[in-house]
Amino acid sequence: FPVTIYPKLENELPGPDLIIQDELHLISGPLGTIAGLYETAIASLSKRKDPQNPEAKEIVPKIIASTATVRQAETQIRALFARRQIQVFPPQNHGRKDSFFSKSHSLEGTPGRKYVGVAAQGRSLKVVLLKVSLALLSAAETLYKKLGKDPKNPVDPYMSLLTYHNSLRELGGSRRIIEDEVATRAAKYSRRARIHPVDTLFSDREIGEPLELTSRVSTDKVSEAKHRLSLDHTDREHVDAALATNMISVGLDITRLGLMVIHGQPKLSAEYIQASSRVGRDKSKPGLVVTMLNVHKPRDRSHYERFAYFHKTFYRAVEVTSVTPFSPRALDRALSSTLVSICRHGLAALTAPARAQEILNHRASMEAAQKEIIRRVELHRQMDPREKSLLELKVKELCEFLLSTWFNIAQVENGRCIVTG
């Protein structure tokens, strides 16, 4: 085979001109806090001087970030990227219901997503899940049979029941209920009917093994589960029930799905909006979301009592994202990685895999990395002068300690090499 030999790079590669950040609203909490520190290293390595004008300001890349269901994005962006100037695109239009890329329609013209709250006094959520699942699965079977077995059957989006859980512990209990009790009772559920007036709301239905979309399932299994969820009810591989955690909040874009049961109110309103929007994504197939609430929990009870008002205005309840890159725990966990990344990738003499010991010859050059991190302290959020000076002093002491430790280890290792040689 022909071998291509590429010429050796004489100069450093220039930094990126553009950084695209998707799903910005997910980078919050502990993830955003650690990411905020690592972004210090990325920003330091991305900036460059203009070769035509070395005396000019450093060139930094432009950052474009897409986000949804987030409040005070300015604070989050400043903590993550240390950018004070933010431009929102698209800008606000003449009306709040009409933007550059989307337009709000009335429910009369386009079916939307319907939310139903269920709460039972003196009953656990497991019992509520059993009753709700049986009613939804059996009633869907009745309507599906009336309209005929057809891939274009309008009831098809509601033949797959997607259940959302806030934790793996809750999901484990629900799986046993669906595998055992729901499957057993659904096979004979047509016996439940009103005496007067006579009706046939429910039909017997065979329920297959439920799918699982969680972090404990391998990637190939998750891909297979997503594929099966997109199959209509006439396919042999169709799905009757699926159990999921918050991993479906993003990345699950299956337009067929129209039915979801939420097991308890999620902790964050943003999470609730993101999770429930996985169903009813096709404008011709409206979604139905049944939220099971535990009346014995004050927060769930409050949501149940204010259910209609909350869902009319739930975008107001979206929480402010939290990103604190220079908190004590964050510094303990990620400051060393950030400092080493800036030093070894920013200084060519230390970049090679076995060149960490070169710190013995370039200790003074690493002060720039320390100053870069301290400069980030001032930029990441608004602080009063006293708080800023204390935090800068603390970060400086930690950086000096880490560099000194690195230097001492290199001295010891260098001494051992001399002795053994």
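Q: Is arginine 48 buried, partly exposed or exposed?
A: Keep in mind that this is a predicted model. Buried would need under 20% relative accessible area, and exposed would need over 50%. Arginine 48 has a relative accessible area of 25%, so the word for it is partly exposed.

Q: Which residue forms a salt bridge with arginine 48?
A: Arginine 48 sits in the loop between α1 and β2 (62–65), and its partner lies in the segment before β1, so the pair ties together parts that are 31 residues apart in sequence. With the closest N and O atoms 2.7 Å apart, the partner is aspartate 17.

Q: How far apart are the closest N and O atoms of arginine 175 and glutamate 209?
A: These two link distant parts of the chain, with arginine 175 in helix α4 and glutamate 209 in the loop between α4 and β5 (211–213). Arginine 175 counts as buried at 16% relative accessibility, whereas glutamate 209 is exposed at 60%. They form a salt bridge, and the closest N and O atoms are apart by 3.5 Å.

Q: Which residues are joined with Arg175 and Glu209 into one network?
A: The link here comes from salt bridges that share partners. Besides Arg175 and Glu209, the network takes in Arg176, Glu179, Glu212 and Arg216.

Q: Are the helices α3 and α4 roughly parallel, roughly perpendicular or oblique to each other?
A: The axes of α3 (residues 125–147) and α4 (residues 168–186) come within 10 Å and cross at roughly 45°. Roughly parallel would need an angle under 35 degrees, and roughly perpendicular would need 65 to 115. The two helices are therefore oblique.

Q: How many residues in the contact of α3 with α4 are nonpolar?
A: The meeting residues include Leu129, Leu130 and Leu134 in α3 and Ile177 and Val182 in α4. Two residues of the contact are polar and four are charged, while the nonpolar ones number seven.

Q: Is histidine 303 buried or exposed?
A: Histidine 303 lies in helix α7 (residues 298–305). Leaving aside neighbours within four places in sequence, it is in contact with Gln265, Leu293 and Phe310. Its relative accessible area is 10%, so histidine 303 is buried.

Q: What is the phi of glutamate 23?
A: Glutamate 23 is placed in the loop between β1 (18–21) and α1 (29–46), and it is partly exposed. Although it is not a glycine, its phi is positive, at about 55°.

Notes. Residues are numbered from 1 along each chain as its sequence is written. This is a predicted model: local features need pLDDT of at least 70, side-chain atom pairs count only at pLDDT 80 or more; totals for chains, interfaces and linings use all residues. Side-chain values use heavy atoms; hydrogens and water are left out. Axes are lines fitted to C-alpha atoms, for helices over the stretch in contact, and angles run from 0 to 180 degrees between N-to-C directions. Helices (H or I, at least four residues) and strands (E, at least two) are DSSP runs, numbered from the N terminus. Angles under 35 degrees count as roughly parallel, over 145 as roughly antiparallel, 65 to 115 as roughly perpendicular and the rest as oblique. Contact means heavy atoms within 4.5 Å. Ala, Val, Leu, Ile, Met, Phe, Trp, Tyr, Cys and Pro count as nonpolar, Asp, Glu, Lys and Arg as charged, and the others, Gly among them, as polar. Buried means under 20% relative accessible area, exposed over 50%, partly exposed in between (1.4 Å probe, protein chains only). A salt bridge is a side-chain nitrogen of Lys or Arg within 4 Å of a carboxyl oxygen of Asp or Glu.
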